[in-house]
Amino acid sequence: MTGRLARILLPLPLDSSYTYRLPDALADRAEVGMRATVPLRGRTLIGIVTGLDAEPPRREAKDVTSLPDAGPSVSPSLLELVEWMARYYGAPLGLALRAVLPGALWGSDSGAAHRDERILTLEADRPTLLEREQLFRRRPRQRELYEAIEALGGAAEVSHLRTRLGFSDALLRSLEANGYARVSRSPVFRDPFADLPPTPLPGKLSPAQRSALVALADVPVGGTALLYGVTGSGKTLVYLEAVRQVVDAGGSAIVLVPEIGLTPQTVSRFRGAFGDQVAVLHSGLSDGERADAWHLLQSGQRRVAVGARSAVFAPVPGLGLIVVDEEHEATYKNGEAPRYHARDVAAMRARLEGARLILGTATPSLETFARTEGNDATLTLLRLPDRIESRPMPPVELVDLRTAAVVKELLPVQWTTLLDDAIRQVLERGEQAMLLLNRRGFANFLQCSQCGTVRQCPNCSIALTVHHAPSGLRCHYCDHAEPVPPACGECGGAVQQMRGVGTQQLEQAVAMRFPEARLARMDLDTTSTKWSHQRILGAVERGEVDILLGTQMIAKGLDFPNVTLVGVVDADTGLFLPDFRAAERTFQLLAQVGGRAGRGPRGGRVLVQTRAPKHPALRHAAHHDTDGFLRLELANRAAPAYPPYVALVNAVFSGQDELAVSAAAARFAEWSGKLFEKHALPLEVLGPAPCPVARVRERWRWHVLVRGPGRSIGRYVRAAARVASRHREPRLMLDRDPVTLL
Ligand code: ADP
Ligand code: ZN
């Protein structure tokens, strides 16, 4: 009598499950999909039962230690989804499994949230910039600290200021002693979603919204609808009504939004519609809170899951609908194995579970748009061509930086008098403006004016960015930080010039130009603490901010009716990157940020500063001509062939020894070519070549790009995954359907 055997898959880089023995006490309760604790090489791990009564293993199987839950944690259809992800993306099965459950369920609870954090809050009475020159004259570090806290929304965790930003304890104490700030333990950082007042819904659907809902009813089970509606066309209400129909029929729904779009405003709208049926899954939750939300969804106590990428795996029973808002967003792509795209996983999950999928966007990805152009029976196109209440799209003016008059005092910030006047008018009328500059930090890089050397990161092949508050040079790839050197490291030249304006410098310039305006900056640096992003947006919504400036973060899904001006300070930052999606991304960014203007009855306008006003991405954005841009870009992708005409896999080799990395990439390219020949696969190898960023975190990077029809790519990925699993050093990482090649 061997007892019952169970196949257990562990959340590790493994391709198959292991066999364990079920002791009699557990044998009767065991079910596929259950969590099981098992011993592995002296450790105790949590895995998932993937099969029962397996063939007896050759060696004596170890015992399952326990089955901690009453029922399965992973449903049969989620298990199928896991297998699909592993196969499709060429990822180890165990890692695909790990992705579908929150960390706490794998026993990796990193502890509860720091509810009792000490928080340093600035006094409400803030000195003006002029006063600061006086107050902080002999205390520049205090001013830096002061302004760092200010940028984070006026309050920050003491631990964050110390460990992440490197301010000393003594400095923190002196800021308090001087009366500029106060330390508290009060729960300033409560979950801003916890008790948001629900937003009442607009009473009546517009005719366009109604027809979209009617057409949605005809989408076959397992099918996809593209809700293609201009910014401000009321897509959210369509989602809400579609979700309501599912919930009323006793089912559940998942709504995916980009992390940055998970704002109090969005959450309030869902609370307004569904009250406490909603579970919000966001990055600010502690592991424990995330596990709580997971259980509430699994047990059916919450029927609507709203969250970012990983919410696509929410364990809802009776899934009837998945909504993917802003389907074109690159953040839906996971950055580690399995490198899944949540939109594509959502489509597969909808098919497996008999749900419908709605993709919503004002600027469809080319992949999705191409499906509307062909006759793809699995996609239904629903359009919302106009803004709600027939509000006009804001006029977009391209301002040619090569010829326009600029305000000289603000140089090197390219501040045209057109933009200057427009801001002044907005301030005079008591309205709000947004300024986009898609580059964070103070300056892009530091260059010696004698020998021209640009200060590089010691670990990466990328220039260091100049930062203020806290000041220093920082690498945006590996976070390496160093003080600004007093002289050039090459020639000793004393004069070092800052090149390329970033958001911090823009903020300083705008503050000098409009000292009376209340500014807020939103970029990765000001949103690094818990809830800072929501706090900044909350202040804008309450009218406490006149000018919100920031990176692409400010472009996403915000609905502030008092914003009547959007200024794009430099539209060209992403235009000439060595990536075939550069034009598409620039167009999307301009259309999205332009969509923030004029959402209220007062209307609005958009000013776009550029040196490339003839570029199609800019021209079409200026005319709100999304279809025109997409058709043109689609034609550009035909030859040389890029997605959506072909599928891509990017195979990236990395390691510390540059020669070994390039040699491994060359061998792999050769192996790939032979494989195509042997199996007559219509695929093409590009490379090997160094990656555009050739070194990151001390590791050299080379890549091999393979393109061709999706089906053949699928076969290739499975073969390449076996090669990847044998590679230790240099490492091989496969990225199918990459969203970036940088
Ligand atoms: P989108 O997501 O398409 O950019 P939103 O869903 O944010 O647009 O809607 C834009 C604005 O129009 C919101 O303030 C919303 O409350 C409002 N709105 C949406 N539908 C209606 C409607 N049927 N009647 C009145 N106002 C509406
Ligand atoms: Zn670096």
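How far is an oxygen atom of ligand 1 from an N or O atom in the side chain of Thr236? In this predicted model, the gap comes to 2.9 Å, which falls inside the limit for a polar contact (a pair of N or O atoms within 3.5 Å; within protein, one must be able to donate a hydrogen and the other to accept it, and residues adjacent in sequence count only if both atoms are side-chain atoms). Lys235 also puts a polar side-chain atom 2.9 Å from an oxygen atom of ligand 1, and for Arg269 the corresponding distance is 3.1 Å. Taken alone, ligand 1 exposes 560 Å², and the protein buries 77% of that (areas by the Shrake-Rupley method with a 1.4 Å probe).

As for the surroundings, 17 residues sit around ligand 1, counting any with a heavy atom within 4 Å. Lys204, Gln209, Gly232, Thr236 and Asp559 are the closest. By type, the shell splits into five nonpolar, seven polar and five charged residues; here Ala, Val, Leu, Ile, Met, Phe, Trp, Tyr, Cys and Pro are nonpolar, Asp, Glu, Lys and Arg charged, and the others, Gly among them, polar. Helices (H or I, at least four residues) and strands (E, at least two) are DSSP runs, numbered from the N terminus.

Residues are numbered from 1 along each chain as its sequence is written, with chains lettered from A and ligands numbered from 1 in the order in which they are written. Local features need pLDDT of at least 70 and side-chain atom pairs pLDDT 80 or more, while totals for chains, interfaces and linings use all residues; side-chain values use heavy atoms, with hydrogens and water left out.

Helix 20 (residues 658–679) runs for 22 residues and spans 32 Å from first C-alpha to last, close to the expected 32 Å (1.5 Å times one less than its number of residues). Its buried residues include Val661, Phe668, Leu675 and Phe676, buried meaning under 20% relative accessible area and exposed over 50% (1.4 Å probe, protein chains only).

Elsewhere, His467 in strand 18 (residues 465–467) counts as buried because its relative accessibility is 0%. Its side chain makes a 3.0 Å polar contact with that of His476.
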